[in-house]
Amino acid sequence: MGREGPESAESRIPRLRLDELLDELRVRIDEARGTRDRLSGLLEAVMAVGRELDLPQVLRDIVEAAVIVVDAEYGALGVIGDDSRLSAFVPIGIGDDLRAQIGDLPSGHGLLGELIRNPQPLRLSELSEHSASYGFPPHHPPMHSFLGVPIRVRDEVFGNLYLTEKRGAADFDAEDEAVVTTLAVAAGIAIENARLYEEGRVRQRWLAASSDFISALLSGAEETEVLGGMLEQAVDIAGADMGVFYLVGPGGELRGSLARGEGSEAHRGVVLPNSEGTLVEAALAQDGLVTVADVENEPRITVQSERWKGFGPAVAVTVGIKERLSGVLILARRHGRPPFTAAEVTALPGFAGQAALALELADRRRDAEQVSLLEDRDRIARDLHDFAIQRLFATGMTLQSARRFVEHPEAVDRLTRAIDDLDATIKIIRSTIFGLREHDSPGVTPKLRHRVVKAVDSAASELGFAPALRMEGLIDTDVPPQAAEEVLAVLGEALTNVARHARARSAEVSVVADDGVLVVTVGDDGVGIPHGGSRSGLRNLAERAELLGGTLSVHARAEPGSGTVLEWRIPLPAERE
């Protein structure tokens, strides 16, 4: 028994060493398994961020993958904008309710800005001890350990990954940094793919919109309606809140505007003698594309700047070239929304160029149609003069010669009335011939009928639609020059009032000369004349009528809220023999 004790002690020593070796082996195996699991997790994360092509979802997948591979409690991805501040921030680990209590998302100050200024991996045991730390806003959860890694897309720093509060350890280690850095490389590739896909998709939408615009114009659709459709598509594709198209004249004057989207009412029907102090001037000065970070407070906008209240980022592009400019297209977003990026507006000049080409082609088509119309009018005028009037003359003379053979008084009276009707018909046809041949006298003041058509057509851009027009009687021959000028002034004032105050969707104009009276009527389907509203324009119209011995009446339509009818009536001078 005495010899067994030492032998047992000696036998225990190798056994203890074996246990230590086995324990160390288990540790190494666990480490190997952990490394294998981490590599497996990293591979899964890389595959996860590469599956999506929708950029917002790609960014969220990147943050979720980073949080998982380093076992962090919180994570975020900050996208760096053109102003070297965060233009977007995607957080993970903070619920919606808590996020609402915290308030605005960070913009890139403090420690987050340190990574923007110095895009290198950064590990901290206590982030509050860093010199760039500003602390946390109220309701923000406590955070201590920190790991930040930049994400590069090619040679450009796209943004940064921020990870805090590693679970089960006080600090993030070098292996965590290596894993997240590797993930950031894969994230850069995934972001680049998503951006290229998005740019291609947006470019395809701009091209489709250009094709639709050209087809609509060349098919003969109403230009105002087509421009309105173009605006709606531009607002949708660019992710804007509002779009405005200003019609620019050859002298730089603003001849009207169309607008679509939120707050567009304030931008419709703008007419100015020039573009000074407007965003249109800024676009014309750069002869192309101009972007504005805060259009409401833009110092270059000094005329009617209140129209831009509530709007921030904006982009303007000229449609056409200086020698032949059609207008300026402006897209704007509300305050608080991100600015327009280069990728979002890259295709906009091309779209504007296609729009300018379409407008030019439409003008050429209208010119060709006008030439054809004038040729038809010449032919009709010749036919009326050579055939219709001659036959009416012959018929009238035959009736006059036959009248002396008729003895019954009633028959004589009927023949006389028929002869008078023929004379009136000949006058009407002559007036029509004069109107048809009006273009044959360059340098001579056009007849009233033609000038009325032009006045109503020119009001369409300000109204946003084309008014209906009806003319009756011998307008070109019975209306004296002074009265003709007043008619044009009345039409201009009445249609301008409809554009500015009525909020109408349609209007109709009639000019009738009959039985020694000229009546000009302008009706609309708008909101009517508000009580206490300015009536200076109506007083001017009334005075114009009184000077010519006439009257003005303005009344609401029979159905409440269905619009207003303005009637301007003057006597015509008696027919001279």
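Which loop does Asp71 lie in? Asp71 sits in the loop between α2 and β1, with helices (H or I, at least four residues) and strands (E, at least two) taken as DSSP runs and numbered from the N terminus. Everything here comes from a predicted model, in which local features need pLDDT of at least 70, side-chain atom pairs count only at pLDDT 80 or more, and totals for chains, interfaces and linings use all residues. Residues are numbered from 1 along each chain as its sequence is written, and side-chain values use heavy atoms, with hydrogens and water left out.

Back to Asp71: its phi is near 55°, a positive value in a residue other than glycine. Asp71 is partly exposed, at a relative accessible area of 35% (buried is under 20%, exposed over 50%, partly exposed in between, with a 1.4 Å probe and protein chains only). Gln304 is not a glycine either, and has a positive phi of about 55°. Gln304 is found in the loop between β9 (289-292) and β10 (311-321), and is partly exposed, with a relative accessible area of 26%.

Gln304 also turns up in the lining of the largest cavity, along with Tyr246, Leu254, Val270, Leu272, Thr278, Leu279, Ile301, Val303, Arg307 and Trp308. On a 1 Å grid over the protein atoms alone, a cavity is a set of points where a 1.4 Å probe fits but cannot get out, while a pocket is an open set with protein on both sides within 12 Å along at least five of seven lines; lining residues have an atom within 4 Å of a point. Points are joined across faces, edges and corners, and a volume is the space filled by probe spheres set on them. This rule gives 2 cavities of 30 Å³ or more.

Next, the second largest pocket, with about 1,000 Å³ of space. Of its 32 lining residues, Leu55, Val79, Thr341, Ala343 and Glu344 are the closest to the centre. Elements giving two or more residues to this lining include α2 (55-70), β1 (72-80) and α8 (342-345), but α5 gives the most, with 6 residues. The lining has 16 nonpolar, 4 polar and 12 charged residues. Domain 1 (31-197) and domain 2 (222-345) both contribute to the lining, so the pocket lies between them; the domain bounds come from an automatic or database assignment.

Leaving aside neighbours within four places in sequence, the contacts of Trp568 (heavy atoms within 4.5 Å) include Glu486, Val487, Leu518, Arg544 and Leu552.

Note on methods. Nonpolar A, V, L, I, M, F, W, Y, C, P; charged D, E, K, R; others polar.
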